[in-house]
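Got a minute to go through some labels and where they come from? Here is a model to look at, followed by questions about what each label rests on.

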Amino acid sequence: MRAGKFWLIPVALFSGFILYWIFAVPVVGEVALPSGPESTARGEYLVAAGGCYGCHEGQANGNALSGGMALESDFGIFYAPNITPDVETGIGEWEGKDFLAAMKHGRSPSGAFYFPAFPYRSYAGMSDEDVLDIAAYLLAQPAVKYKAPDHETPAWLFRWMLAGWNVVADLLSDTPEEYTDPEVARGAYLARHLGHCSECHTPRNRIGILDSSRQYEGAPMNDGHVEAIDPAALRNWTKEDFAFLLFLGLKPDGDYVGGEMEAVIEHNTSKLTDKDRAALAAYFVRHN
């Protein structure tokens, strides 16, 4: 090699390091799946709080959590997979590390990238304990043999592109505010992570990354518009108003929520404890 080309060696090494950093499968240690009625009961509550039924409810055969629901987006139509413990079409062979890699890193047991229609970027902030309790509940449910349809995406969209997309999303995301009030902190955890409220209520840029500078300002969805739940939108609301909305779907003006939020109330927030609904209200309605 000519001396003038020795600079190619560090460039190649640096490029290899960058590619490895972007594409490397996240390291998730071996963890035991919890067992026993306490973990399963906690998992049942967390599945409801996390809105899992809203997307994974069986569409073709009516079996809960067997998947098939379509999510339309600017990047195609994505179908929620089967998350029952069927070995062939579901999660029957998943281990603890597989649940952590999927929910907190967006990676399948084989290391493939999940599309962010699965809100793993929100779930990333969940505790390992909560993820594993969800796993305990899911694996205790009846197995249903059903394979969801393949995603309908543009020809140019490949899963490997999510490697760079995730890096850009990390760079564009603001550091979330932390709260010393335990009730507000609990509400923030439920809203930001388990309940993934930003996924619908926050606008996205042209490549589908949430605009954290406009958190909860409302966003388009399925030819409609998801309402804003930011401080400006809730300036005349009390905490009691918001907690009641989460329980029954009734707004302070006497109108009921509609569209996708109606299902969220039914399957998700109405199942929460009064304490957790109050925590969400404390987080969203912090001006009163």
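What follows is a run of questions and answers on the terms used for this model.

Q: What should I know about the model before we start?
A: This is a predicted model, so to speak of local features takes pLDDT of at least 70, side-chain atom pairs count only at pLDDT 80 or more, and totals for chains, interfaces and linings use all residues. Residues are numbered from 1 along each chain as its sequence is written, and side-chain values use heavy atoms, with hydrogens and water left out.

Q: How many helices and strands does the chain have, and what makes a run count as one?
A: The chain has 12 helices and four strands.

Q: What share of the chain counts as buried?
A: Of the 288 residues, 39% do. The cut-offs are under 20% relative accessible area for buried, over 50% for exposed, and partly exposed in between (1.4 Å probe, protein chains only). The accessible surface of the chain is about 16,000 Å², with 58% of that belonging to carbon and sulfur atoms; such areas come from the Shrake-Rupley method with a 1.4 Å probe, and for residues only the protein chains shown count as cover.

Q: Why is T269 called buried?
A: Its relative accessibility is 6%, so T269 counts as buried. T269 is found in the loop between helix 11 (260-267) and helix 12 (274-284).

Q: What makes D274 and R277 a salt bridge?
A: Their side chains meet at 2.6 Å, N to O. The definition asks for a side-chain nitrogen of Lys or Arg within 4 Å of a carboxyl oxygen of Asp or Glu, so the pair qualifies. Both residues lie in helix 12, three residues apart, about one turn of the helix.

Q: How many salt bridges turn up in the whole structure, and which residues share partners?
A: The search finds 14. Salt bridges that share partners join R42, E129, D130 and D133 into one network.

Q: How do you know that K145 and D86 are paired?
A: The N to O distance is 3.5 Å, and the two side chains meet in a salt bridge. The pair links distant parts of the chain, 59 residues apart: K145 is in the loop between helix 6 (128-139) and helix 7, and D86 is in the loop between strand 2 (76-79) and helix 4 (96-105). K145 has a relative accessible area of 54%, so K145 is exposed, while D86 has 9%, so D86 is buried.

Q: What makes Y114 and F118 an edge-to-face pair?
A: The whole structure has 12 aromatic pairs. Y114 and F118 form one with 5.6 Å centre to centre and 80° between the planes. Rings of Phe, Tyr and Trp (its six-membered ring) pair if their centres lie within 6.5 Å; planes under 30 degrees apart count as stacked, over 60 as edge-to-face and the rest as tilted. Y114 is partly exposed because its relative accessibility is 21%, and F118 is partly exposed because its relative accessible area is 22%.

Q: Where do Y179 and Y283 sit, and are they buried or exposed?
A: Y179 is in the loop between helix 7 and helix 8 (182-194), and Y283 is in helix 12, 104 residues apart. Y179 is buried, and so is Y283. Ring pairs link Y179, Y216, W237, F242, Y283 and F284 into a cluster.

Definitions and conventions: Helices (H or I, at least four residues) and strands (E, at least two) are DSSP runs, numbered from the N terminus.
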